[in-house]
Each structure stands twice: as structure tokens, then as C-alpha cells.
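Reader: Hi! I'm new to this one, could you walk me through it?
Author: Happy to, let's take a look together.

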Amino acid sequence: MRIIFRFGGIALLVAAIVILAVLPFATSFVEQWTRRDVELRSQLVFNSARDQVVSLLARNDAARLAGLFERIASDERVLAIGYCDGDELRSPTRNMPPSFTCEQAARSDTQSFSTIAAEGRSILVSSFPLIVAGREGHLVVLHDLSYADKRGGEARNYLFLALAGVAFGAAALAAMIAALIMRRWLASIRQALENARAGAAGAPEQENMIPLGQEIRDVLQELEASRRTIDAAHTDWNPDTLRAALANELSGSEVIVVSNREPYIHNRTESGGVSLQIPASGLVSALEPVVRACGGTWVAHGSGTADREMVDANDRVPVPPAHPSYTLRRVWLTDEEQDGYYYGAANEGLWPLCHIAFVRPIFREQDWQFYRAVNEKFADAVVAEAKREDPIILVQDYHFSLLPRMIRNRLPQATIVTFWHIPWPNAETFGICPWREEIIDGLLGSSILGFHTQAHCNNFMDAVDSYVESRIDREKDSVTFGGEETLIRPYPISIEWPPTALEGQKPVEECRRVVRERLGFPLDMRIGVGIERFDYTKGILDRMQAIDALLNEHPEWKGNFAFVQVAAPTRSKLANYRQLQEEAEALAREINERHGGNGYEPIKLLIRHHEPDEVFELFRSADLCIVSSLHDGMNLVAKEFVAARDDEEGVLILSAFAGASRELSEALIVNPYNAHAMGEAINRALTMSQNEQRERMRLMRDQVKERNVYRWAGQMLLAASRLRKRQRIRRLIASGRKRAPANA
């Protein structure tokens, strides 16, 4: 009993010291957090009302402006709102303090916040710059901070009580642990004495248990090393970091990558020779270092015209050709299989189903039969290539939703990581798919299933909950189906950093000059760019309509702004894609006829594939880039534009429905279905100060640099490594339990 009080007293003393040390910092944190909350509310008010305020001010409609301000100020948290036109306060609401003047607001070219005292109260003044008819003013939003002070006091009290509760709990826990340790120590001494008396009778049990305990300790040490690897590499992912992490964590492991697209394509040239093509793919950039580091195998569809000539008798070819470090295993598909599996089930069925771009998905039973057969063909290839019972298998994208289960049935000890590169729709939308249960069952054959965003993870778990019998753990983000657990995780994909295409690029000013001369624009022409495949999910028509809206609302940009739309033809076998290209060409002609003239075309449509260095040159020459996806898992074009701008200038206009908007929040976030609002965003981008451009671009570049494609691959592989080690511990414990009764 004395030892319990002794340890408990020491724990209480330490806890009291910690509380006294932490409380001042916690108090300061609560105050800062409270003020930041009020500032964010002010930003929300401004963002929601900005377009209406600008429109009413431009029309000089004071009555409606006052009515709008009064509605906003009806929020119990907003004290007052008004507009500062120079030093003149216009349309102040009824609760505006009589002593307030525009001179008290900290006005600048960017949003600013200041605190003033009025009528015995502390008031936060938020000032947001607006440009109306070429004249700069400021929208001012006032918040009474008294409620914030009250909430801060309550938070401090709760924090103190919580810390005190934790302290008492820690003291009690320390005392209990001390007592338990002492009890077990004494019991072990008694057991040792009994064993000494019994002689050799206890030796067999010790021989069995000691090695087992040592194995478990070894694996736990490996897990701790894995955690340290992940933490140490968190902020600086690059090819070397990735290789080092894999050498530490997956040394001796077998890695197999499965994708529809192959990393190296052999095509026959017109002269009869063979050329090697390396696809411009973020997927290849991310996973090639993984397969190289592990000397693994990449299984993919052999699509090149000379692919068959370059493989051996087992359909394998060592790559890269100059310094082979892994094996490319090619799988052959007939034209009929390609039409049914790729163009049919995958791209006419699953692609529109998951993107919700208002193109009706087409579900043909014959296509699904081909899809299933091709997945079986890839499963056969993976199993044939596996040299161990427990390989790590990375399955890529919506082409292989059935593959994880097929592999799991044949290689039950494999660690299967599947990444779904497109969005996952809500459960109700997914429910129209006639093969929904089979797709879910196939994907739940994975050990880890990755999506771009947490929202897509949530949608998948909702679909599982709706259509199959399973156990869902929302805290762990896992699904247990058929006795096997699948972890559901967000892994936002990105691009390589620094981008290879940035090497050898001319300075930004030189790129601006070269591109304008090539396209026939004056050197002072402001230009925007959009670079996509001709895909109906990318919102190409919507951004053209936004250009039309811009020139209607702001005719001063006619002759001074042009938009360059690069669109590469894709999936031209499918009617929806051919029709989109025809509609885009017709709409560009119509807008050019309406707003162009004297050699000026507001929209320059370039229909061809551009190499990465050409794309980056366009990015560096542009004043803005528009990514108006109607629905997108991530959209790497947005990140490539940010990476290209090492001058830290240029403005990104980004759809709220692209996964990239969750990471690149400093872009101008737009609703691509609202042409007027998107046109206003373009105008704002064209009039944005260089200082604001740099602040926004600097933050986005830091985000893309830190969360690059090597981090994406590394996080998945290290998660797989930790999962394998946990499973090894479970097997060791299960093995120990089986041996214990046998030795009893």
C-alpha cells in the first residue's frame, strides 16, 4: 500500500507542475484560436457577399445595398457592416457604433484585421479590399469580441478541469501500474524458486516460450523503426528518401505493380525500326522508384505496336533498357477484349458513374464479362510472377476493381494495396451499378484501399454499408468483410518535385515573349491557359462560357485578354468524346465571332498532344490557369501549374469539385457550373496585385513540394510494411497459443 501512495504522490506532483507550466500557454492558445475563429467568420461573410456588393456598388443601388448589409448583420455574431469609399462610410447598418470612422479600419491591398474600443466594448474590425469601376474601397465587418472573451474564459475553465482530471487519472494509473509490476515481480521470483526446486521439469516450456518472446520483441522493434522512418522522412520526400525508406522497411520484400498503362512502350517506326516511348504519367513517376528499389515486377497491358517483339518467351522484358533494374511483364489483350474491358465497362460504365458529370453510364453485360475475364488474365499473370507467398502487390485504378479479390483467393498472405485514382460517388449514385456487390467484394480483397480524399473514403464505406454485409469501424476507417479487414485511407496523389519538365526552361519573361509570338498575340496581351484531355469531366465548355461571360460583363478585356485552350484528343472511339470535341470547336468559333475582330480571337483552341516541356512553357507564359473540372479525383494539371511558376506569380482558378481544391486552398475556388461567377473570378485574377499573387503562389508551392508524388508512394508502401509486421505479430502469438497446450 505504501508503494501505491508513493508512486501516486509523485505522479500528482509531476502533474501539478505540468498544469502550472502548460496553463499560460494554453490560455494564450485559446485567445488566439478565438480571435482566429472570428476572423474566419469575417472572411466567410465577405466571400459570400462579395459578388453582390460589387454589383450593387457598380449600379449605385444604395437601397438594395443597405438591405443586403442589414440581412448580413442580422447574424447575432455580426455587430455591423458598411462600405468605406475612401474615408466616407456608406450604407452602415443600424448597430454601427456612432464613433466608428473608416480611418479606424486597417485598410490595405489585402484583407486586414484590427481591434478597436468603442462604447466600452472590444470590437474586431475586418477590412476587405474591393475594386468597383476602377476605384478601390473596403468592405468593413465589425464583430463584438465580448462573446469571444466569454467563450475564451469558459474554454480556459474547461481546459483546467480537463488537465486536472487527466492528472488524477494519471496518478491513479501510475499507482496501479506500480502495484501490478511489483506483484508480477514477486510472482516471477516465487516461480523461479519453484522451478529451481522442480529441477529440469520446467525446461521444455522455457525452451518453447523464450524464442517466441524474442521473435515478438524483434518485430516490435521493427515496428518502432518503421514509425521513426515515417516521421523522419515526413517533410522531405524525394527519390533518395523513397529508396532509403524502402531499403529500411521492405528489404527482401517482393513488390509487384499492376496497371493498365505500361511504363515503357515499344512502337514500330515508319522506317521499320523500334522506338521507345515513356508515357508522361504521374503514376509512372511515383511507382518506378519503388519497383526499381525492390527489383520488382510491373504487370501491364502491352499496347505498343512492337511490344511483342521485345519480350522473351515468358512475355517479360528487363527495364529500363539502359540499366535494367526490374521486370516488365506484358499482358496481351485482343481488340475485342480491349473494346469490352477498357472502352466499354471501364470508360463507358465506371468512369461516368464515378465522376457524376451528367453523362449517363452505359452498363452492358457483355462488356462486364470481358472486364471480369481481363481481370482474371491479370490475376493469372500476377500469380505467375510472384516468387513468394507474401508479395506486396500495388493495384492501380478502376480498371481492376475485381483483381484484389482474385489475387487474395490465390495468394492469401499477400499484402495488396489498391489505389482508386478517380472519385468514388455517394452510395445512392453507386447503387445504380448492376455489378455493385461484385465490385465492392473485389476491392475488399485489398489489405489497404486508397482514395484521393477522405470524402471519397467516406463514400466508399457508405456504399459498403448499403450493399454488403460487413463490419465497419469508423474510428479505424476499416471494413471487415468475410473475416478479413481492409483499411480505407486517403492518399492524395501529386507530382514529382522538382518537375523534370522544369529543367532547361527559359526564364518566365522569355517564355511569355516566345509563346505570344508563336500564337500571334501582342507582347502585352494578357493570357490564360487550360490544358486538358478532351474529356467531358474537365469542364472545357464551361470555362469557354466563362470567357464569354467575362467579355460581356467586362468589355474592357476585349483585345487585351485571350484564352489558350490546349486539348488532346482521347478515347476517340467513344461517341461522347467525339461529340465534346465538336461542341468545343463550335463554341470557340461562336465566341470568337461575337467578341473578336481585326485578327483578335479571345479563344485559341489547340487540338493536339503537347509534350511536358511545351506544357510548362505555356504555364510559365500565362497570367492565369483555369482548372474547371466538373468532378475530379485530384487533377494534377493544377499542381503542375503551381510547380511551373518558380517566379511565384500567376493565378490558379480551381474548381471546388476537383480533389486538388482540398490542398490548394489559396487558389480562386469556383463553381464551374456558374459561368458568371467564374467570369468574375477571371476578372479578379487579371486585376490581382503581384504581392497577393506571390503570397498565394508561395503557399501553394510549399504544399506541392511537401506533398509530392514520392510522399504519396512512400506513405502507402510504409503503411503496407507496418501492416505486414502487425500481421506477423498476430501469427506469432497465434502460433504460441497453439504450442502452449501441446507442451502442457
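Author: What follows is a short tour, from the whole chain down to single residues.

Author: Keep in mind that this is a predicted model.

Reader: Thanks! How many helices and strands does the protein have?
Author: There are 21 helices and 23 strands.

Reader: And what share of the residues counts as buried?
Author: Of the 744 residues, 51% count as buried. The protein exposes about 34900 Å², and carbon and sulfur atoms supply 52% of that area.

Reader: Okay, sheets next. What is the strand order in the open sheet of 10 strands?
Author: The order is β10-β11-β9-β6-β12-β13-β14-β17-β16-β15, and the pairing is mixed. The edge strands are β10 (316-319) and β15 (471-473), each of which pairs on one side only. From one strand to the next, the twist averages 20°.

Reader: How does β15 run with β16, parallel or antiparallel?
Author: They run antiparallel, joined by three bridges.

Reader: Which strands does helix α10 lie across?
Author: Helix α10 (residues 403-410) lies across β6, β12, β13, β16 and β17, and runs at about 175° to β13.

Reader: New topic: what about β18, which strand is it joined to?
Author: Strand β18 (residues 526-533) is joined to β19 (residues 561-568) by eight bridges, and the two run parallel. Within that pairing, G528 has F563 as its bridge partner in β19. Strand β18 is also mostly covered, with six of its eight residues buried.

Reader: Can we zoom in on S127? Where does it lie?
Author: S127 lies in strand β4, which spans residues 121-132.

Reader: Buried or exposed, and why?
Author: S127 is buried, because its relative accessible area is 0%, and the cut-off for buried is under 20%.

Reader: Which residues does S127 touch, leaving out those up to four places away in sequence?
Author: Among them are A105, A106, R107 and T110, and also H138, L139 and V140.

Reader: Last one: which residues make the nonpolar surface patch?
Author: Y158, F160 and L161 make that patch, which covers about 370 Å². F160 lies in helix α3 (residues 146-198).

Reader: Why does F160 count as partly exposed?
Author: Because its relative accessibility is 40%, and partly exposed runs between the 20% limit for buried and the 50% limit for exposed.

Reader: Great, thanks for the tour!

Notes:
Residues numbered from 1 in each chain as written. Predicted model: local features only at pLDDT ≥ 70, side-chain atom pairs only at ≥ 80, totals over all residues. Heavy atoms only, no water. Helix = DSSP H or I, 4+ residues; strand = E, 2+ residues; numbered from the N terminus. Buried < 20%, exposed > 50% of the residue type's maximum accessible area, 1.4 Å probe, protein only. Contact = heavy atoms within 4.5 Å. Pairing = 2+ DSSP bridges. Axes fitted to C-alpha atoms, helices over the stretch in contact; angles between N-to-C directions. Patch = residues over 30% accessible without salt bridge, like charges linked within 9 Å, V, L, I, M, F, W, Y side chains within 5 Å. Areas by Shrake-Rupley, 256 points an atom, 1.4 Å probe, with all protein chains shown as cover. Salt bridge = Lys/Arg side-chain N within 4 Å of Asp/Glu carboxyl O.
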